[in-house]
Amino acid sequence: MSDREILKAWFSQGIEENMGSLFSVAFRLTRNNAEAEDLVAESVAKAWAAVGKLEDRSRFRPWLFRILHNCFISDYRKKSARPCESSYDELSVAEGKDEIGDLVIQQSNEFMYWWANPEKAFVNSLLGEDIMMAIDSLPDAFRTTILLVNVEGLSYDETAVVLGVPPGTVHSRMKRGRTLLQKALWQQASDEGLIECKCAEGKSNDD
Amino acid sequence: MTTDKDSENIEDINCTEAIDKLYAYLDGEVDDADSIGKLEYHLEHCHSCFTRSQVESALSARIKNAATKHTPESLQKRLRDMIDKF
């Protein structure tokens, strides 16, 4: 077996093992089956073209996600006419405002009342589609970070490599993204009457 | 009953600091034994933060289940055909 054949067999196995993860992330980025398939195929082709430059094969998985993410940024986001959302997390980090307290103070009183005393049953009452709707509502930076960490199990360091940002930014995005996600879920559940809004009671006591 | 030692330890980190570290802790990103000890002690003694940690864990599991998609057969075939031609 030639070196190229050995490399190809190794690459093929790596793609087989990561196919589902690549498609899951691509679908959440593009929100479209056909575009997600194209994005994965294009990423795999680019990965093969660049595989010779991959020095540490143990980093194959984050390296693949980085290629996929770069393909999405350079091609698909332009096509889908979704403007690049403001990178307010990076701005906040740069300004030294990445503490959780700074984030929660920006939220509504009603949400904060719940956030301070959440009910675990709330999570169980949500449908999978509610959760995905809330994730899809997040800005790209938060959505991608949450998917890579929570769904694909990448470490913060690996996620930082994929996204081309410092690890501290991943940490900050996780905190902000998860809080924004909970606010979106809380809003959906509140609109659907799945949670009892105790905020009115809390407010009247305050007043 | 809260002892003086408990009060001292639980005050090592307040609720804001505990929540600030909670996500990284649940994601396995806190490797400093002292920080882990202080956070776990706080969670054991603070009902609100403990409940939040339960909500966060449950939500992580739900996100993982909800976001994992089956790879379409058309894509599986497309990728295998493409790699065959490399």
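Colleague: Before we start, what should I know about the numbering and the cut-offs?
Modeller: Residues count from 1 along each chain as its sequence is written, and chains are lettered from A and ligands numbered from 1 in the order in which they are written. Since you asked, the model is predicted, with local features needing pLDDT of at least 70 and side-chain atom pairs counting only at pLDDT 80 or more, while totals for chains, interfaces and linings use all residues, and side-chain values use heavy atoms, with hydrogens and water left out.

Colleague: OK, how many helices and strands does chain A have?
Modeller: Helices here are DSSP runs of H or I with at least four residues, strands are E runs of at least two, and both are numbered from the N terminus. Going from the N terminus, chain A reads α-α-α-α-α-α-α-α-α-α-α-α. The tally is 12 helices and 0 strands.

Colleague: And what share of chain A is buried?
Modeller: Buried means under 20% relative accessible area, exposed over 50%, and partly exposed in between (1.4 Å probe, protein chains only). Chain A has 207 residues, and the buried share is 48%.

Colleague: How much area do chain B and chain A bury between them?
Modeller: Buried area is the accessible area (1.4 Å probe) that two parts lose on being put together, summed over both. The contact (heavy atoms within 4.5 Å) takes 54 residues from chain A and 37 from chain B. Carbon and sulfur atoms carry 63% of the buried area, and the total is about 3900 Å².

Colleague: Which residue of chain A forms a salt bridge with Glu56(B)?
Modeller: A salt bridge needs a side-chain nitrogen of Lys or Arg within 4 Å of a carboxyl oxygen of Asp or Glu. The two chains share 4 of them. For Glu56(B), the closest N and O atoms are 2.6 Å apart, and the partner is Arg178(A).

Colleague: Which element gives the most to the side of chain B that touches chain A?
Modeller: The elements giving two or more residues to that side are α2 (15–26), α4 (47–67) and α5 (73–85) of chain B. With 14 residues, the top contributor is α4(B).

Colleague: Which residues touch the most other members of the largest nonpolar core?
Modeller: A nonpolar core is a set of buried Ala, Val, Leu, Ile, Met, Phe, Trp, Tyr and Cys residues joined through side-chain atoms within 4.5 Å. The largest one holds 80 residues, and those touching the most other members are Phe11(A), Ile15(A), Val40(A), Val44(A) and Leu79(B).
Colleague: Where does the largest share of this core come from?
Modeller: One helix, residues 3–30 of chain A, supplies 10 residues. That helix is α1.

Colleague: What does Leu79(B) touch?
Modeller: Leu79(B) is one of the residues touching the most other core members. Leaving out residues up to four places away in sequence, its contacts are Ile15(A), Met19(A), Val40(A), Ala41(A) and Val44(A).

Colleague: Is Ser21(A) buried or exposed?
Modeller: Ser21(A) is in helix α1 of chain A, and its side chain makes a 2.6 Å polar contact with that of Glu152(A). A polar contact is a pair of N or O atoms within 3.5 Å; within protein, one must be able to donate a hydrogen and the other to accept it, and residues adjacent in sequence count only if both atoms are side-chain atoms. At a relative accessible area of 15%, Ser21(A) is buried.

Colleague: Which residues is Leu22(B) in contact with?
Modeller: Leu22(B) is in helix α2 of chain B, and its relative accessible area is 0%, so Leu22(B) is buried. Leaving aside neighbours within four places in sequence, its contacts are Leu39(B), Leu43(B), Arg52(B), Ser53(B) and Glu56(B).
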